[in-house]
Amino acid sequence: MFNYLRPAALMLLLLTLATGVVYPALVTLVAQTVFAEQANGSLIKNSQGDAVGSSLIGQSFSDPRYFWSRPSATANYPYNAAASGGSNLGPTNPALSEAVAARIRALKDADPGNHLPIPVDLVTASASGLDPHISPAAAQYQVQRIAKLRKIDESKLRELIAAHGEGRQWGVLGEQRVNVLQLNLALRNLD
């Protein structure tokens, strides 16, 4: 009987060390060496060097003096990474139509003089509910409101959007986009 237990215990110990200690330590070492920024959360820091968010997880902005993010479908608390997921409401669901109509009203109430078409990403949530980006069109839509409230020239805001735009990944994947947190930090630095 002991002839069978000894090799089994030895294998358990070796596999525990290999998969529970050596492999995680090796992966952590490679990640911290080769992909340090990503391994540490892709943090965005303000001008004082304090972490204010991640470039991978959106934040809710409701102050009309700032660019607004894409709506979040996460439960109870916007951009709750613990509750990532879409609303799962289909295009014919009345709840989705009501939510979109309420978001359109909020945008129009915040900027009644703006008669441009509202970009779809300002009124619909992403599949994850955590998207940190908006389209350049969504950022441009908000320029008039922000310029008026901050008493700043619209062309300066358009330059800011262009400077913080991100292209397609590897030139082919995805769409052009703007990270809202980075854009708002740059906007704050204009003050």
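The model is predicted: local features need pLDDT of at least 70, side-chain atom pairs count only at pLDDT 80 or more, and totals for chains, interfaces and linings use all residues. Residues are numbered from 1 along each chain as its sequence is written, and side-chain values use heavy atoms, without hydrogens and water.

Start with helices α5 (residues 143–150) and α6 (residues 154–163), whose axes come within 9 Å and cross at roughly 125 degrees. That makes α5 oblique to α6 (under 35 degrees is roughly parallel, over 145 roughly antiparallel, 65 to 115 roughly perpendicular, the rest oblique). The crossing is right-handed. Helices here are DSSP runs of H or I with at least four residues; strands are E runs of at least two.

V143, Q144, I146 and A147 of α5 meet E154, L157, R158 and I161 of α6; contact means heavy atoms within 4.5 Å. By class, this contact has five nonpolar, one polar and two charged residues.

Now look around α6. Its buried residues are L157, L160 and I161 (buried is under 20% relative accessible area, exposed over 50%, partly exposed in between, with a 1.4 Å probe and protein chains only). They cover an arc of only 100 degrees around the axis, so they sit on the same side of α6. Their cover includes α4 (136–141), α5, β4 (165–166), β5 (177–179) and α7 (180–190). The face turned away carries exposed E159, A162 and A163.

K151 lies in the loop between α5 and α6. Though not a glycine, K151 has a positive phi of about 55 degrees. K151 is exposed, at 76% relative accessibility.

S42 is another non-glycine with positive phi, about 50 degrees. S42 sits in the loop between α2 (36–39) and β1 (43–45). S42 is buried, at 5% relative accessible area.

How values were computed:
Axes fitted to C-alpha atoms, helices over the stretch in contact; angles between N-to-C directions. Left-handed = near helix turned anticlockwise from the far one by under 90°. Nonpolar A, V, L, I, M, F, W, Y, C, P; charged D, E, K, R; others polar. Arc of directions from axis to C-beta.
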